[in-house]
Amino acid sequence: MDETAKLIIDGVSYDLPVLTGTEGDKAIDIRKLLSSTGYITYDPGFGNTGSCASSITYMDGERGILRYRGIPVEQLAEYATFVEIAYLLINGHLPTQDELNRTRMILNDTSMIHESMHVFFQAFPRGSHPMNILSSMVNALRGFYPELYDHDDPANPEYTYLSLVSKVRTLAAMSYKISKGDKVIYPRHDLSYCANFLNMMFDSPVKPYIIDEDIVKALNVFWILHADHEQNCSTAAVRVVGSGKVNLYSAISAGVSALWGPLHGGANQAVIEMLTDIHENGIPLETIIAKAKSKKDPFRLMGFGHRVYKTYDPRAKIMKRMADKILSKFRREDPLLDIAKRLEEIAITDPYFVDHNLYPNVDFYSGIVLRAMGIPTNMFTVMFAIGRLPGWISQWRESINDPHWRISRPRQIYTGEQQRNYVPTSQRI
Ligand code: CMC
């Protein structure tokens with residue numbers, strides 16, 4: 001017999017269907033709640049709300065599990081390339097050799113940016129944040145490449161999705177070069193996806209960039225770890241904005257904007273700023289921990305805590321190992337890594353952090369890895385965005401093909417004034 005949940009309101013009993021996911025997760029189906037009872041649910045921040053059914057990413061926050069299309073992220077970080085992951089997320093299976101060759105060919109064919117877009121870049125005021133530029137430029141792609149667009153699944157979806165994956169990488173590197181006033185470096189067909197990005201970022205006509213395979217590998221892992229994370233803030237934004245049947249580019253641009261916030265992807269920049277502040281001003285770590293615990297202080301320990309993970313974020317474990325590896329390869333020391341490790345040691349044994357299940361998340365060590373690669377701090381969240389792009393695209397694609405699709409339109413509990421009359425200006429006191 002199908003499982004049901006019983007809800008009793010004012011002595012009247014309602015049976016609500018229970019849905020079960022492939023990993024045994026349960027949800028009470030309340031789709032008919034309002035029409036049958038007159039009640040809505042109240043869940044600010046959607047912590048208890050399943051907004052969709054999805055077959056893309058599985059997370060178990062209690063056990064620290066993350067899988068893309070069923071495959072553990074640890075295996076993918078060890079063996080796969082980011083291009084394979086993009087294919088896996090968007091298409092549901094790992095590519096065969098032929099599919100991979102074709103994917104690489106499309107990524108190369110679509111890597112250039114319309115020359116008129118350069119003018120756009122030049123018009124941004126100096127000092128504009130690269131996330132600001134990226135979200136505008138992604139939206140602008142709709143105007144420059146109208147042939148790729150269709151609000152329903154496009155005629156050639158593979159081409160549309162991969163061209164976006166390719167162009168966003170080029171846009172990101174261009175925005176960095178232009179922000180510095182340097183010559184833009186074009187993509188090269190002989191380089192892998194990750195090496196190509198590094199080359200566009202750091203090559204120059206007067207000083208060729210020497211591609212280091214260990215840095216390329218580290219970037220590959222960094223992007224794999226960020227590729228999808230089920231219904232997080234930016235992905236939910238992509239789905240909500242996309243639910244109005246807006247084009248793919250505008251939906252993704254909304255995702256980029258949502259990611260920018262310091263509580264979400266912007267945390268990687270905020271962590272480095274926090275660690276730098278501690279380092280440069282010699283702030284005792286106990287003071288930082290006390291500030292994070294104080295209910296009178298809005299400060300939070302950046303890079304700690306997660307809505308879903310109530311244990312160590314599996315991505316943070318890999319990122320921490322990578323930070324050690326990449327710094328030891330260059331025989332470099334980063335005082336921020338030592339501060340981060342000491343902060344972690346104090347926090348994970350502190351009763352406040354233990355009771356609140358607050359552990360390092362992916363952003364705690366990722367900035368240290370990016371610094372070691374030479375990526376400037378204001379580009380950190382852009383790096384997250386490039387990684388998350390295949391996830392956003394796959395989630396958007398799944399949502400527009402969902403037979404249960406409806407425009408996203410939550411309800412509210414109204415707490416304002418009851419009806420009252422308009423008062424003419426002369427009679428107002
Ligand atoms: N430092 C101190 N206290 C914290 C922190 C923190 N980093 N995070 C949560 N808390 C406390 C919070 O004060 C609250 O305490 P109490 O119940 O006593 O009032 C409790 O933990 C629950 O917090 P919440 O804000 O209700 O939790 P949430 O699930 O809504 O927020 C979060 C999740 C990630 C926004 C939050 O943990 C946070 O602000 N962390 C710092 C920012 C950060 O590192 N963000 C990156 C997240 S991972 C990358 C991504 O996917 O975006």
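This is a predicted model: local features need pLDDT of at least 70, side-chain atom pairs count only at pLDDT 80 or more; totals for chains, interfaces and linings use all residues.
Local features need pLDDT of at least 70 and side-chain atom pairs count only at pLDDT 80 or more, while totals for chains, interfaces and linings use all residues. Residues are numbered from 1 along each chain as its sequence is written, and side-chain values use heavy atoms, with hydrogens and water left out.

Start with the sheet. Strands here are DSSP runs of E with at least two residues, and helices are runs of H or I with at least four, both numbered from the N terminus. Two strands pair if DSSP finds at least two bridges between them.

β4 and β5 pair over 4 bridges in the antiparallel sense. M59 has L66 in β5 as its bridge partner. The hairpin of these strands has 4 residues between them, and G64 takes a positive phi near 65°. The hairpin of β5 and β6 has 2 residues between the strands, and R69 in the turn has a positive phi of about 50°.

Is β5 covered on one face or on both? Both faces are covered: I65 and R67 on one side are buried, as are L66 and Y68 on the other. Buried means under 20% relative accessible area, exposed means over 50%, and partly exposed lies in between (1.4 Å probe, protein chains only). In a regular strand the side chains alternate between the two faces of the sheet.

Next comes helix α3. Of its 10 residues, 9 are buried, so the rest of the structure largely encloses it. Among the buried residues are F82, E84, Y87 and I90. After α3 comes G92, with a positive phi near 95°.

Helices α5 (residues 116–123) and α6 (residues 130–144) form a crossing pair. Their axes come within 11 Å and cross at roughly 150°. That makes α5 roughly antiparallel to α6. Axes are lines fitted to C-alpha atoms, for helices over the stretch in contact, and angles run from 0 to 180 degrees between N-to-C directions. Angles under 35 degrees count as roughly parallel, over 145 as roughly antiparallel, 65 to 115 as roughly perpendicular, and the rest as oblique.

Now the rings. The structure holds 12 aromatic pairs. Rings of Phe, Tyr and Trp (its six-membered ring) pair if their centres lie within 6.5 Å; planes under 30 degrees apart are stacked, over 60 edge-to-face, and the rest tilted. F82 and W223 have ring centres 5.5 Å apart and planes at 40°, so the pair is tilted. This pair links distant parts of the chain: F82 lies in α3 (residues 82–91) and W223 in α9 (residues 213–226), 141 residues apart. F82 is buried at 2% relative accessible area, and W223 is buried at 0%.

F364 and Y365 have ring centres 5.0 Å apart and planes at 85°, so they pair edge-to-face. F364 is buried, with a relative accessible area of 1%, and Y365 is buried, with a relative accessible area of 1%. F304, Y352, F353, F364 and Y365 form one aromatic cluster.
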